[in-house]
Amino acid sequence: MHLTDYGSGTAILWIHGFPLSSRVFEKQLAIEGVRHLMPDLPGFGRTPPAAVEGIDGYARLVLDELDRAKLDRAVLAGLSMGGYILFGIARIAPERIQGAILIDTRETPDTADAKKGRYETIEKVKKNGIGAVVDSMLPKMLTKSAPPELVDEAESIMSSSSVDGVTTALKAMAERPDSTALLRMIRVPSLIVVGSDDTITPPSDAARMATALPDARTMIIPGAAHLSNMEQADVFNQAVVTDLLARL
Ligand code: MLT
């Protein structure tokens, strides 16, 4: 996988969401004293498509990147689908997690309706490309007051996804297991972040995860929707420093 490896200090491995790429974390590179590891998952950003077996398949690929970076442990940060992958790592190799940043994500699996919708979308994307996915998701990524250049950037990141990358990820998300029971096992310092206006994974998801995670702090970021780290980067970055890194 293509990997941005930047800076030195405590390692944070940032796992992007769907249909995005590591570019969504560009503003997090400003957090100092950190070695930032940012892979592009297969079929997204600068990584070519590959066969991936479910969410835990992505988790194994991310663990390979930790090996490649010669790190036993790192703070893992997962945005939305990246959070689902973080839970996959907690299932497979919890000892590699030094701290967890759960960004606009949830631990529960798809409802039957959501799952059905994912498979319908897969067929549409195979026929007509990813345009419809970008068009339907873009309005939910940022608040209505987001500056136009931010909306353009989000659209450009989403549009760089490949058909294979999108269909493989949709299937993996549809089939992902319930990670509810796993939350109690994630005993490392954790930070849950959610945009106040996120309608994809709303603050109620964050509140539910907070009750189950043994060592979590929660930050609801006003003036942000699903891409809270991008839309309110300064507030987000400050929370990472004071509410997560300071607790390691
Ligand atoms: C994401 O941002 O990764 C997706 O919206 C997650 C999802 O569709 O469940």
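**Aromatic pairs in a predicted model**

Visitor: Is tryptophan 14 buried or exposed?
Guide: Tryptophan 14 is buried, since its relative accessibility is 0%. The term buried means under 20% relative accessible area, exposed means over 50%, and partly exposed covers the range in between, with a 1.4 Å probe and protein chains only.

Visitor: What should I know about the model itself?
Guide: The model is predicted: local features need pLDDT of at least 70 and side-chain atom pairs pLDDT 80 or more, whereas totals for chains, interfaces and linings use all residues. Residues are numbered from 1 along each chain as its sequence is written, and side-chain values use heavy atoms, without hydrogens and water.

Visitor: How many aromatic pairs are there in the whole structure?
Guide: The search returns three aromatic pairs. Rings of Phe, Tyr and Trp (its six-membered ring) pair if their centres lie within 6.5 Å; planes under 30 degrees apart are stacked, over 60 edge-to-face, the rest tilted. One of the pairs joins tryptophan 14 to phenylalanine 236, with 6.2 Å from centre to centre and 45° between the planes, and is tilted.

Visitor: Which parts of the chain does the pair of tryptophan 14 and phenylalanine 236 tie together?
Guide: Tryptophan 14 belongs to strand 2 (residues 10-15) and phenylalanine 236 to helix 10 (residues 233-243), so the contact ties together parts that are 222 residues apart in sequence. Helices (H or I, at least four residues) and strands (E, at least two) are DSSP runs, numbered from the N terminus.

Visitor: And phenylalanine 236, buried or exposed?
Guide: Phenylalanine 236 is buried, and its relative accessible area is 0%.

Visitor: What about phenylalanine 18 and phenylalanine 44, how are their rings arranged?
Guide: The ring planes of phenylalanine 18 and phenylalanine 44 meet at 75°, with the centres 6.3 Å apart, so this pair is edge-to-face. The two residues are 26 residues apart and link distant parts of the chain: phenylalanine 18 is in the loop between strand 2 and strand 3 (34-39), and phenylalanine 44 is in the loop between strand 3 and helix 1 (54-68).

Visitor: What is the relative accessible area of phenylalanine 18, and what is that of phenylalanine 44?
Guide: The value is 7% for phenylalanine 18, which is buried. For phenylalanine 44 the value is 0%, and this residue is buried as well.

Visitor: Which residues do ring pairs link into a cluster?
Guide: Trp14, Phe25 and Phe236 form the cluster, linked by ring pairs.

Visitor: What lies over the face of tyrosine 84?
Guide: Arginine 176 does, at 3.8 Å from the ring centre of tyrosine 84. A charge sits over a ring if NZ of Lys or CZ of Arg is within 6 Å of the ring centre and within 35 degrees of the ring normal.

Visitor: Changing topic, where does glutamate 26 lie?
Guide: Glutamate 26 is located in the loop between strand 2 and strand 3. Glutamate 26 has a relative accessible area of 47% and is partly exposed.
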